[in-house]
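Thank you all for making the time this morning. I would like to walk through one structure with you, slowly, and I will begin with a single contact before widening the view.

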Amino acid sequence: MLVSVVITLAIVSVQIPKRFPNRKGVAAPYDIRNITQPVDHLNRMNNDVFKHRYLVNDTAWSKGGPIFVNTAAEGGDIEAVFWDYGSYFDMMYAMGGLIVFSEHRYFGHSYPFGTAAESLRNTSTRIGYLSTEQSLRDNIQLIQHIKTQYNATDSPVITFGGSLAGTLAGISRIRFPEVVDAAWCSSSPLQGFWGMQNFSQYSWMQQVTYNWDFLSPGCSDTVRTGFRYLLDSNPTEVAKVFNTCEQPDTLTIPTIYDMAFEIFQSNAEFIYPPEASTIPDDCSRMSAGSGLSIFANLLQVHSVPCLNLTQYRTATNTTTARGWSYLSCTEIIHPIGSNNISDMFPPSPWSPQSLQDWCFSVFGNNVLVDPELFP
């Protein structure tokens, strides 16, 4: 039954025109609301509460229609991802439903202890409440609140999302079938956990490589060459070719490596429709270069006065990044390695020990790192 519901929704979504533009920068048709949530759903001796933020569009609502719930994730401010799910609005209008976007606790504006700095402190009574278990129950309580508010006892509930949000959507259906009737999990690595049958830590990077070659055949060979020259060079050479704002130091090459790596991963995640992808242009620029200029062209270093590595490092060290790092150390542990055989990245195998070492360096030795935990 679950599969048939999902298939039906997919068919309807391609038949109904969008009622408003699916793009950022346009006045958004949603209400911003808050619901009071327990900081700890599992401890009846803890009476602390916080404001959980969510968005609602009920412009098509008809009693008995479906309720679509985006289960949110580590993306930060929920308003920033509202425009990424246009097909669900098609379904909402077609079926007389309403749509809800739940903001994940510890992200955006939903900090349990007022500020990001206070909420993300390294203690069991602060960042310790950032967990999928608590987030799942936030969403279930929100769904029940919405059903009561709209007198929608008989309305089916469909959770949805991509990546971690999709994982949480699927787990919501599995764990709370009495509340969630169906889940639509897009690009969700539900089987991407350590110890699962037929799982390979190299699957992710293999898919990333495939996506780049799919849109620009042979591009992976250029990428391999770019990495080789970058890692075989010294900071002085690299700083000169990449026109960095900073003097060369030990962080020059690792930072540029991370900048290129981020482009390869993020651009591989969104390749539909193909004409919207920047991969062909990225590969064309790289192919026009040689040696260090392969990645210099990728980063378009000549389009700026200088390449600001400090700005990049600061931008990646945000509260959003810290929240995701904690989740990826404690519960959402996806082993991702590279081997330069099935993928285009330098060899970097993943291991439980390497994960633990990194997590201890960030959160201290008290954090429990369990690679075999499934949320």
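Predicted model: local features only at pLDDT ≥ 70, side-chain atom pairs only at ≥ 80, totals over all residues.

Let me start with Ser 102, whose side chain makes a polar contact with the side chain of His 52 at 3.0 Å, where a polar contact is a pair of N or O atoms within 3.5 Å, and where, within protein, one atom must be able to donate a hydrogen and the other to accept it, while residues adjacent in sequence count only if both atoms are side-chain atoms. Residues are numbered from 1 along each chain as its sequence is written, and side-chain values use heavy atoms, with hydrogens and water left out.

Ser 102 lies in strand 4, and here helices (H or I, at least four residues) and strands (E, at least two) are DSSP runs, numbered from the N terminus. Is Ser 102 buried or exposed? Ser 102 has a relative accessible area of 0%, and therefore it counts as buried, since buried means under 20% relative accessible area, exposed over 50%, and partly exposed in between, with a 1.4 Å probe and protein chains only. Leaving aside neighbours within four places in sequence, Ser 102 is in contact, meaning heavy atoms within 4.5 Å, with residues including Tyr 54, Asn 70, Ile 78 and Leu 142.

Now to the core. A nonpolar core is a set of buried Ala, Val, Leu, Ile, Met, Phe, Trp, Tyr and Cys residues joined through side-chain atoms within 4.5 Å, and the largest one here has 45 residues, with Tyr 54, Ile 67 and Val 100 among those that have the most contacts inside it. Strand 2, strand 3, strand 4 and helix 4 are among the elements that each supply at least two residues of this core, and helix 4 gives the most, with five residues. Val 100 touches, among others, Tyr 54, Ile 67, Phe 68 and Ile 146, not counting residues up to four places away in sequence. Apart from this core lies another, of 35 residues, among them Phe 227 and Leu 292.

Next, the strands. Strand 5, residues 157–162, is mostly covered, with five of its six residues buried. Strand 3 and strand 5 pair in the parallel sense over four bridges, pairing being assigned if DSSP finds at least two bridges between two strands, and the bridge partner of Phe 68 in strand 5 is Ile 158. Strand 5 also pairs in the parallel sense with strand 6, over five bridges, and there Gly 161 has Cys 185 as its bridge partner.

Finally, two loop residues. Asn 151, in the loop between helix 4 and strand 5, has a positive phi of about 50° although it is not a glycine, and at 48% relative accessibility Asn 151 counts as partly exposed. Asn 340, in the loop between helix 13 and helix 14, likewise has a positive phi, of about 65°, without being a glycine.
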